[in-house]
Amino acid sequence: MSVSLVLTVIGDDRPGLVEQLATAISQHQGNWLESSMSNLSGKFAGIVCVSVPETQLEALTAAMASLPGLRITSEVSRSPAAQAGNRRLKLSLVGHDRIGIVREVSQVLARHALNVEDLSTHTASAPMSAGVLFHATAELTASSMLDVSELTRDLENLSNDLMVDITLDEAIRS
């Protein structure tokens with residue numbers, strides 16, 4: 001029987017880190033399912049989900065702990081059952097960067113009972129000005145009762161310059 005193991009990995013970025021992880025995982029009969037990895041301020045930061053036989057779980061965890069120059073934590077995941085009727089949304093927003101913008105946006109999402117499944121953010125220089133723009137894209141799940149126009153209005157009310165684009169996937173999760 002296999003279990004899902006979610007790994008968080010951080011360390012000084014250098015060539016070969018992903019290969020080290022992949023080798024240790026495959027040596028313990030693990031299957032690399034999905035991941036997200038980035039270089040953030042010179043640090044390698046990653047999240048990896050693997051499927052591993054229960055009989056290899058302890059050995060894989062020990063192998064991860066012994067990889068040089070990396071701090072790795074692992075959590076066994078028991079996937080919750082998908083809730084019937086949930087809708088998937090894609091959110092895109094751009095606005096002038098400022099302290100607290102992620103907190104403000106996440107508060108609106110929480111008020112509307114949205115679950116953040118994936119969130120990517122970055123800042124970039126604004127074209128034709130000296131300002132910095134904050135960009136966010138998110139994949140969200142919501143109940144079928146969500147009022148998307150109200151959500152859009154609440155997000156746009158955070159700032160005069162915040163541009164919000166929300167699209168609904170046609171498929172409803174069942």
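**Entry 1: Glu 104**

I looked up the polar contact between the side chains of Glu 104 and Arg 98, and it spans 2.4 Å. The model is predicted, so I keep this as a computed distance. I then placed Glu 104 in helix 3, residues 101–111. Is Glu 104 buried or exposed? Its relative accessible area is 19%. Buried means under 20%, so Glu 104 counts as buried. I also checked its neighbours, leaving out residues up to four places away in sequence. Glu 104 then touches Arg 98 and Leu 158.

**Entry 2: the nonpolar cores**

Next I went to the largest nonpolar core, which has 19 residues. Which residues have the most contacts inside it? I noted Leu 91, Leu 93 and Leu 114. I traced the core to its elements: strand 5 (87–96), helix 3, strand 7 (132–142) and helix 4 (148–156) each supply at least two residues. Strand 7 gives the most, with five residues. Helix 3, a contributor here, is also the helix that holds Glu 104.

I listed the contacts of Leu 114, again without residues up to four places away in sequence. Leu 114 touches Leu 89, Leu 109, Leu 140, Thr 141, Ala 142, Leu 146 and Leu 151. I then found a second, separate core of 18 residues. Among its members are Ile 25, Phe 44, Val 48 and Met 64.

**Entry 3: strand 1 and its partners**

I turned to strand 1, residues 2–12, and followed its pairing with strand 3, residues 43–53. The two run antiparallel and are joined by 11 bridges. Strand 1 also pairs with strand 4, residues 70–77, in the antiparallel sense. I noted eight bridges for that pairing.

What stands opposite Gly 11 in strand 3? I found Phe 44 there. In strand 4, Gly 11 stands opposite Leu 70. Phe 44 had already come up, as a member of the second core.

**Entry 4: positive phi in loops**

Last, I looked at backbone angles. Gln 29 has a positive phi of about 60°, although it is not a glycine. I located Gln 29 in the loop between helix 1 (17–27) and strand 2 (31–40). Its relative accessible area is 54%, so I logged Gln 29 as exposed.

Ser 41 is another residue other than glycine with a positive phi, near 50°. I placed Ser 41 in the loop between strand 2 and strand 3. Ser 41 is exposed, with a relative accessible area of 80%.

Technical notes: Residues numbered from 1 in each chain as written. Predicted model: local features only at pLDDT ≥ 70, side-chain atom pairs only at ≥ 80, totals over all residues. Heavy atoms only, no water. Helix = DSSP H or I, 4+ residues; strand = E, 2+ residues; numbered from the N terminus. Buried < 20%, exposed > 50% of the residue type's maximum accessible area, 1.4 Å probe, protein only. Polar contact = N/O pair within 3.5 Å; in protein donor to acceptor, adjacent residues only side chain to side chain. Contact = heavy atoms within 4.5 Å. Core = buried A, V, L, I, M, F, W, Y, C linked by side-chain atoms within 4.5 Å. Pairing = 2+ DSSP bridges.
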